[in-house]
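This report looks at how two protein chains are placed relative to one another and at what lies between them.

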Number of protein chains: 2
Amino acid sequence: MSILFCQVSMARTNPTSIRHMVVFKLKHPAGSAEEQKFLNAIMKLDEIPGVENFELMKQISKKNKFDFGLTMEFANQHAYDQYNNHPDHVAFVQNLWGKEVADFLEIDFELPGK
Amino acid sequence: MSILFCQVSMARTNPTSIRHMVVFKLKHPAGSAEEQKFLNAIMKLDEIPGVENFELMKQISKKNKFDFGLTMEFANQHAYDQYNNHPDHVAFVQNLWGKEVADFLEIDFELPGK
């Protein structure tokens, strides 16, 4: 019991937070109403519990094929897992992401504990 | 003259800042002295004028092939160009980046003006 307590205590005092990032390209034409509708739907992911420092940005480098980027941070892996499994996120991926995104790349960074 | 002044004035009051990002994989084995030496050299890029919010992070997603990520921000395209052309950056790319990096992807985000 004492060893288990020690491990939990360490995890609480020095958690590893995570910056989750996705760069993506939509099937919709740039500037279209469909594009704006999709971006509005993405913005609602910010409301899922555990999401911090949400940012949706234009990707402007000519050195890759993506048009947008999304970043968000989680206090720890548990919060990240809860987001992934949240019904709103699952529904978004099934109903919108899977149908309207032409290509994407996921990137996750380990951040110092907060 | 008055039109030129107006344009300069607008650029100053509403600049578009840029978050420059590179994800990369080194030729060196993970945890090696060569890896650490390269990461130490990267950290010095933070000293180049115009670089803001410099971050060097471990990339931990299994969904891409990269091991590290570097982000930095510039107040505007001019500051970004100055960084790219700075002798320390040019020397770093020629002497280290080109020789020790196995693969990389550059991503640039447009941020709201500061």
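This is a predicted model: local features need pLDDT of at least 70, side-chain atom pairs count only at pLDDT 80 or more; totals for chains, interfaces and linings use all residues.

## Extent of the interface

The contact between the chains involves 22 residues of chain A and 22 residues of chain B. Between them an area of about 1,900 Å² is buried, and carbon and sulfur atoms give 63% of that area.

## Polar and charged contacts

Counting residue pairs with both members at pLDDT 80 or more, there are 12 in polar contact between chain A and chain B. Four strands of chain A, namely strand 1 (17-26), strand 2 (52-59), strand 3 (68-74) and strand 4 (101-111), each supply at least two residues of the side that touches chain B. Strand 4 of chain A gives the largest share of that side, with seven residues. Sorted by class, the side of chain A that touches chain B consists of 10 nonpolar, five polar and seven charged residues.

Four salt bridges are found across the interface of chain A and chain B. One of the salt bridges links A:Glu55 with B:Arg19, where the closest N and O atoms are 2.8 Å apart.

## Strand pairing between and within chains

Strand pairing also crosses from one chain to the other, as strand 2 of chain A is joined by two bridges to strand 4 (residues 101-111) of chain B, and these strands run antiparallel. On the chain B side of this pairing, B:Glu110 is the bridge partner of A:Lys58, while B:Phe109 is the bridge partner of A:Gln59.

Strand 4 of chain B is paired within its own chain as well, with 10 bridges joining it to strand 1 (residues 17-26) of chain B in an antiparallel arrangement. In strand 4 of chain B, B:Glu106 is the bridge partner of B:Val22. Strand 4 of chain B therefore has bridges both to strand 2 of chain A and to strand 1 of chain B.

Notes
Residues are numbered from 1 along each chain as its sequence is written. Chains are lettered from A and ligands numbered from 1 in the order in which they are written. Side-chain values use heavy atoms; hydrogens and water are left out. Contact means heavy atoms within 4.5 Å. Buried area is the accessible area (1.4 Å probe) that two parts lose on being put together, summed over both. A salt bridge is a side-chain nitrogen of Lys or Arg within 4 Å of a carboxyl oxygen of Asp or Glu. A polar contact is a pair of N or O atoms within 3.5 Å; within protein, one must be able to donate a hydrogen and the other to accept it, and residues adjacent in sequence count only if both atoms are side-chain atoms. Ala, Val, Leu, Ile, Met, Phe, Trp, Tyr, Cys and Pro count as nonpolar, Asp, Glu, Lys and Arg as charged, and the others, Gly among them, as polar.
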